[in-house]
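Subject: Structure handover, with notes on what was found

Hello,

Here is the structure I promised to pass on to you, and my notes follow below it. Please keep it open beside you while you read, and look up each residue as it is named.

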Amino acid sequence: MQSKRHRHYALVPAAGAGSRMGKEIPKQYLDLLGEPLLRHTLRTLCQAPMIDRVYVVLSVGDPIWNERDWSDLGEKLHPLYVGGATRADSVLNGLRAIRGDAGDGDWILVHDAARPCLAQWHIDALISTLDDDEVGGILAVPVADTLKRSNGHGRVEKTVPRDSLWQAQTPQMFRYIMLRRALETAREVTDEASAIEAAGLHPRLVQGDTTNLKVTYPLDLHLAEWILKNREA
Ligand code: CTP
Ligand code: MG
């Protein structure tokens with residue numbers, strides 16, 4: 001029934017150094033079940049029927065990408081060697097690089113390379129919830145633990161009510177022009193939604209689950225392995 005639908009482009013920032021992981025190579029290239037972590041992330045995005053293209057933002061002169069074979073992921077995949085000093089810079093550089101491919105009204109799904117356990121249902125939930133939304137939104141999970149604010153000296157200052165607190169994940173899905181303008185204006189942000197919020201808008205929260213974890217520390221790699229293994233079973 002859709003006459004002209006806007007396209008959906010995934011943009012995957014993968015230009016980080018992975019310093020908290022403490023390994024010799026950036027974490028996106030670490031082995032996860034026999035292949036680079038990044039391949040799991042990209043495969044899920046490339047296999048999503050609603051996603052038209054998958055752009056992966058690599059650091060300028062990334063020496064590892066070309067040493068691996070990505071051809072089985074198909075023609076949707078496009079590397080961009082335009083990574084910046086921060087995640088926000090990498091995303092903005094990627095958005096600038098795809099100008100011309102992406103129309104103003106096309107949807108951009110920004111997804112961390114370091115979240116390899118993204119599942120098809122996460123993408124489906126996000127796109128089906130947001131496709132008619134005026135602002136866009138993010139995958140997120142309600143906070144489950146009781147939260148304490150520290151007094152800075154190892155003691156509790158106070159308990160923070162968790163009622164309306166959510167943990168932000170990715171993908172974060174916004175229209176090309178809205179996201180680009182927001183990021184051009186708000187450079188000191190750790191996610192796309194923060195830039196949209198700074199523009200006075202209210203991104204929608206789409207409930208995901210904690211399996212879509214970000215691999216940050218060595219333990220996370222083991223958790224990701226467990227999640228992927230048990231999903232396959
Ligand atoms: N990222 C990026 N460009 C940067 C920094 C980060 O594209 N200049 C990407 C990372 O590759 C990752 C995502 O943003 O996929 C989330 O960032 P994070 O988990 O912080 O990864 P790193 O910055 O690589 O790790 P660390 O902060 O431990 O160095
Ligand atoms: Mg980082």
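Strand 1, helix 2 and strand 10, which spans residues 166-175, each give at least two residues to the lining of the largest pocket. Please bear in mind throughout that this is a predicted model. Strand 10 makes the largest contribution to that lining, with four residues, and the lining as a whole consists of 28 residues, of which G16, R20, K27, R87 and K214 lie nearest the centre of the pocket. Sorted by class, these lining residues are nine nonpolar, 12 polar and seven charged, and the volume of the largest pocket comes to about 560 Å³.

What takes up this space? The largest pocket is the space taken by ligand 1. Two elements give two or more residues to the shell around ligand 1, namely strand 1, which covers residues 8-14, and helix 2, which covers residues 87-97. There are 18 residues around ligand 1, and those that come nearest are G18, S19, K27, S90 and K214. When the residues of this shell are divided by class, seven are nonpolar, six are polar and five are charged.

On the side of K214, an N or O atom of the side chain is 2.7 Å from an oxygen atom of ligand 1. Taken on its own, ligand 1 has 560 Å² of accessible area, and the protein covers 88% of it.

The second largest pocket has a volume of about 200 Å³. Its lining is made of 12 residues, and R43, T44, L118, L228 and R231 are the ones that lie nearest its centre. Helix 1, running over residues 37-47, and helix 6, running over residues 218-232, each supply at least two residues of this lining, and helix 1 has the largest share, with four residues. By class, the lining of the second largest pocket holds four nonpolar, four polar and four charged residues.

Two details of the backbone also deserve a careful look. The peptide bond that joins T170 and P171 is cis, with an omega of about 5 degrees, and P171 lies in strand 10, the strand that gives four residues to the lining of the largest pocket. You will find L33 in the loop between strand 2, residues 31-32, and strand 3, residues 35-36.

With best wishes

Technical notes. Residues numbered from 1 in each chain as written. Chains lettered and ligands numbered in written order. Predicted model: local features only at pLDDT ≥ 70, side-chain atom pairs only at ≥ 80, totals over all residues. Heavy atoms only, no water. Near = heavy atom within 4 Å. Polar contact = N/O pair within 3.5 Å; in protein donor to acceptor, adjacent residues only side chain to side chain. Areas by Shrake-Rupley, 256 points an atom, 1.4 Å probe, with all protein chains shown as cover. 1 Å grid on protein atoms, 1.4 Å probe; cavity = no way out; pocket = protein on both sides within 12 Å on 5 of 7 lines; lining within 4 Å. Sits in = over half its atoms within 2 Å of the grid points. Nonpolar A, V, L, I, M, F, W, Y, C, P; charged D, E, K, R; others polar. Points joined across faces, edges and corners; volume = space filled by probe spheres on them.
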